[in-house]
Amino acid sequence: MGRAFEYRKAAKMKRWGHMAKTFTRLGKQIAIAVKAGGPEPENNPSLRSIIAVCKRENMPKDNIERAIKNAMGKDQSDYKSTTYEGYGPHGVAVFVDTLTDNTTRTVADVRSIFNKFSGNLGTTGSLAFLFDHKCVFTFKKKEGLDMEELILDLIDYNVEDEFDEDTEEGTITIYGDPKSYSLIQNHLEECGFEDVGGEFTYVPNDLKEVTPEQRETIDKMVERLEEFDDVQNVYTNMKPEEEEE
């Protein structure tokens, strides 16, 4: 399995927060998609993709429909996507993805946690060299699928030749250039794949080894960051625990 998959798998196993937090995060993404492209999934590719992710996260149908309905309300706040980056304790790089209707509040919250853990919040782009920004698509594998043929086809859409298969879930995960998100999604749907769920992620290209004590401190920092409703995801370049020797 690829580096991106192993990192994402370890992060999922070590997920901070509860299911309600995940649903809140997805609800905001639904709101943005509905505001941008309307409430009908068949006419809104971004909404289709997010709904597929919601299903994969076992978000109830009623929650999805309620989030779409709420997004159509006149009083629904407009969310802005902002990423903060800096160094946490022990020199570990930290990316914080947020969706917020008040950037002043959000940056103050994020900075307070960095300061509490003796970290430093940097400027946008200052840590870009430590992470690869990717779009990630997961979809149901069709019977008799020739993955080599599919990947060769998808390379024209800036998809990497490395892919991951989850035999238990019966799904395939591919990685590509974030700028080609829409092209990749459209092509997968044209090929007849079902429940094509797409997301964006940051994958560290240089993992930093830490001691168990250092890991505990960094875990606490991430946990505190993810307590904020505005925070969508937190990424670090800390080496996943399951890879430690």
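The views show a predicted model, in which local features need a pLDDT of at least 70 and side-chain atom pairs count only at pLDDT 80 or more, while totals for chains, interfaces and linings use all residues. Residues are numbered from 1 along each chain as its sequence is written, and side-chain values use heavy atoms, with hydrogens and water left out.

**View 1. The packing of helices α5 and α8.** Helix α5 (residues 103–116) and helix α8 (residues 212–225) pack at an angle of about 165 degrees, with their axes 10 Å apart; axes are lines fitted to C-alpha atoms, for helices over the stretch in contact, and angles run from 0 to 180 degrees between N-to-C directions. α5 and α8 are therefore roughly antiparallel to each other. Helices (H or I, at least four residues) and strands (E, at least two) are DSSP runs, numbered from the N terminus.

View 2. Four strands are arranged in the order β3-β1-β2-β8 with antiparallel pairing, where two strands pair if DSSP finds at least two bridges between them. Because β3 (120–121) and β8 (231–236) stand at the edges, each with a single partner strand, one side of each is left without a neighbour in the sheet. Two bridges join β3 to strand β1 (residues 80–87) in the antiparallel sense, and in β3 the bridge partner of Gly-86 is Leu-121. α5 lies across β1, β2 (93–100) and β3, and runs at about 20 degrees to β1. α8 also packs on the sheet, where α8 touches β2 and β8 and has a direction that makes about 160 degrees with that of β8.

**View 3. Strand β6 and its two partners.** All six of the six residues of strand β6 (residues 171–176) are buried, so this strand is largely enclosed by the rest of the structure; buried means under 20% relative accessible area, exposed over 50%, and partly exposed in between (1.4 Å probe, protein chains only). Thr-171, Thr-173 and Tyr-175 point one way from β6, and Ile-172, Ile-174 and Gly-176 the other way. Strand β4 (residues 131–140) pairs with β6 in the antiparallel sense over six bridges, and Phe-139 stands opposite Ile-172 of β6. Strand β5 (residues 159–166) is likewise antiparallel to β6, over five bridges, with Asp-166 as the bridge partner of Thr-171. Four residues lie between the strands of the β5 and β6 hairpin, in which Gly-170 takes a positive phi near 70 degrees.

**View 4. The surroundings of Pro-45.** Pro-45 belongs to helix α3 (residues 45–56) and, at 32% relative accessibility, counts as partly exposed. Not counting residues up to four places away in sequence, Pro-45 touches Gln-185 and Asn-186. Pro-45 and Val-196 are 151 residues apart in sequence and 9.9 Å apart in space, C-alpha to C-alpha.

**View 5. Confidence in the model.** The protein averages a pLDDT (the predictor's confidence in each residue, from 0 to 100) of 86, and 89% of the residues score at least 70. Confidence is lowest in helix α1 (residues 3–13), at a mean of 48, and highest in α5, at 96. Over residues 9–18 the pLDDT is below 50, and this stretch has 11 contacts in the model beyond near neighbours in sequence. Where pLDDT is low, the predicted coordinates should not be read in detail.

Key:
Contact = heavy atoms within 4.5 Å. Parallel < 35°, antiparallel > 145°, perpendicular 65-115°, else oblique.
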